[in-house]
Amino acid sequence: MDEEKLVAAFRDQDPAAVRELLSSHGDRLLRSAFLLCGREADAQDLVQETFLQALQSAPRFRNQSSLYTWLHGILLNLTRHYHRDRKRIVYGDEQVERAAAAAEESPIAMDLQMTGSALQQALGRLSLPHREVVILRFYEDMKIHEIAAHLGISRGTVKSRLHYSIERLQQLVSEEMNLFAAEGTQRAERT
Amino acid sequence: MNCRRLEHWLDEYVEGTLSPRKQAAADRHLAGCAACRAKLRRYREFAQSLAGEMRQATQSLRLRPEVERRLLQAQRSGTAGVADQPAAARFWSRLFQPRAAAACLLAAGVLLAGYFTWRSGHRPGTGPDLSVSVQVSYLVPKYTFRQEGSYVIDTLSYETISVHGRFWPEHNPKPMREQQHKLNPIK
């Protein structure tokens, strides 16, 4: 089924379209969700909720973007709520101080599962807005203007977030894993 | 094109979305600038490396089969489509926002004052005072966020806004005053 027919069938709430949508975009969305939230179980829940919300708002889908981009937009919104809910604490100076101290002790507590390479761990330490841009640019392979439209921000903001993230990731990655050290570059330049 | 300009356009150069003129200018600059060539290569290496790492970290992930069952169940039970609120309902829900409601009340007051003035044919200083006073007070919820380390703290408070004005027949209304009272944080 091509995308146009799939969209029409999905709008008509055809069960076959739901199955096809899951098989064509489910795993891809799950991987993106995992990179955004850092926990597989939570990523599974986020993707399930994404499809449920997509089902509910299918009649409002206007073909202004691809189905995947539309689904990914829903996922991004849900991920932001997820991070906000996990970080929210209720008023009171004492709680604020306690939470700030805990955050200093364990800055990557939110991404315990993302314990792969140094680069993956560094990705988990970026703030959500920076991580979103990095994932959309280098994992989803979206272009700057597409990311700007997807996130509803300017191209300049996308670029500044991207440059900050690249610098921050390079700082965070250990020297051993750092492929971008100046020495290595100079050596490569000479050859 | 100089080094600074090239750095600015580096993302677009790599993704191939520069205009042909800018692309040619960037190529000419790169041909003569070893530092920018190194920067470009670092960028490409980084992008490749990061994309590879992210794919490696996620390639084994599969969506659990329960998701399909759950979705089809939701579809059958008719929960899908509930969120598709009609446009008219969305309009009315927007209209009943506190500020919108206060604005409507004020507008209604001004219209009534104008109507009675017109009906009475009152002239200043020739009869009883037919001025109309309108006062509206309302609460506006204020939700604020601030960052504390890696935590986002949110606070809900209510702001009391009081608007009052007095209108005289056949005179321009006096400027309305708006007073904002102190915030009352909810704990």
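Helices, of at least four residues, and strands, of at least two, are taken as DSSP runs and numbered from the N terminus. On this basis, chain B of the predicted model contains seven helices and three strands. Along the sequence, these elements of chain B follow the order α-α-α-α-α-α-α-β-β-β. Of the 187 residues in chain B, 10% are buried.

Helix α3 of chain B was examined individually. This helix covers residues 20–32, and its 13 residues should span 18 Å at 1.5 Å a residue; the C-alpha atoms at its ends are 19 Å apart, which agrees with that expectation. The number of buried residues among the 13 of α3(B) is one, so the helix lies largely in the open.

The nonpolar cores were considered next. The largest of them has 48 residues, and those with the most contacts inside it are A:Leu30, A:Ala33, A:Cys37, A:Ala43, A:Leu46, A:Val47 and A:Leu75. Helix α2 of chain A, residues 15–37, supplies the largest share of this core, namely 10 residues. Apart from this core lies another, of five residues, which include B:Leu6, B:Tyr13, B:Ala26 and B:Cys36. The surroundings of A:Leu46 illustrate the packing in chain A: when residues up to four places away in sequence are not counted, A:Leu46 touches A:Ala33, A:Cys37, A:Leu75, A:Leu78, A:Thr79 and A:Tyr82.

A further residue of chain A, A:Ile135, belongs to helix α7. A:Ile135 is buried, because 23 other C-beta atoms lie within 10 Å, where 20 or more are required. Its contacts, with neighbours within four places in sequence left aside, are A:Ser32, A:Leu35, A:Leu36 and A:Glu140. The C-alpha atoms of A:Ile135 and A:Leu36 are 7.8 Å apart, although these two residues are 99 residues apart in sequence.

The backbone at A:Asp141 was also examined. A:Asp141 has a phi near 60°, a positive value in a residue other than glycine. A:Asp141 is placed in the loop between α7 (128–139) and α8 (144–151) of chain A. With 11 C-beta neighbours inside 10 Å, A:Asp141 counts as exposed, because the limit for that class is 12 or fewer.

Conventions: Residues are numbered from 1 along each chain as its sequence is written. Chains are lettered from A and ligands numbered from 1 in the order in which they are written. This is a predicted model: local features need pLDDT of at least 70, side-chain atom pairs count only at pLDDT 80 or more; totals for chains, interfaces and linings use all residues. A nonpolar core is a set of buried Ala, Val, Leu, Ile, Met, Phe, Trp, Tyr and Cys residues joined through C-beta atoms within 7 Å. Two residues are in contact if their C-beta atoms, placed from the backbone, lie within 7 Å. The expected span of a helix is 1.5 Å times one less than its number of residues.
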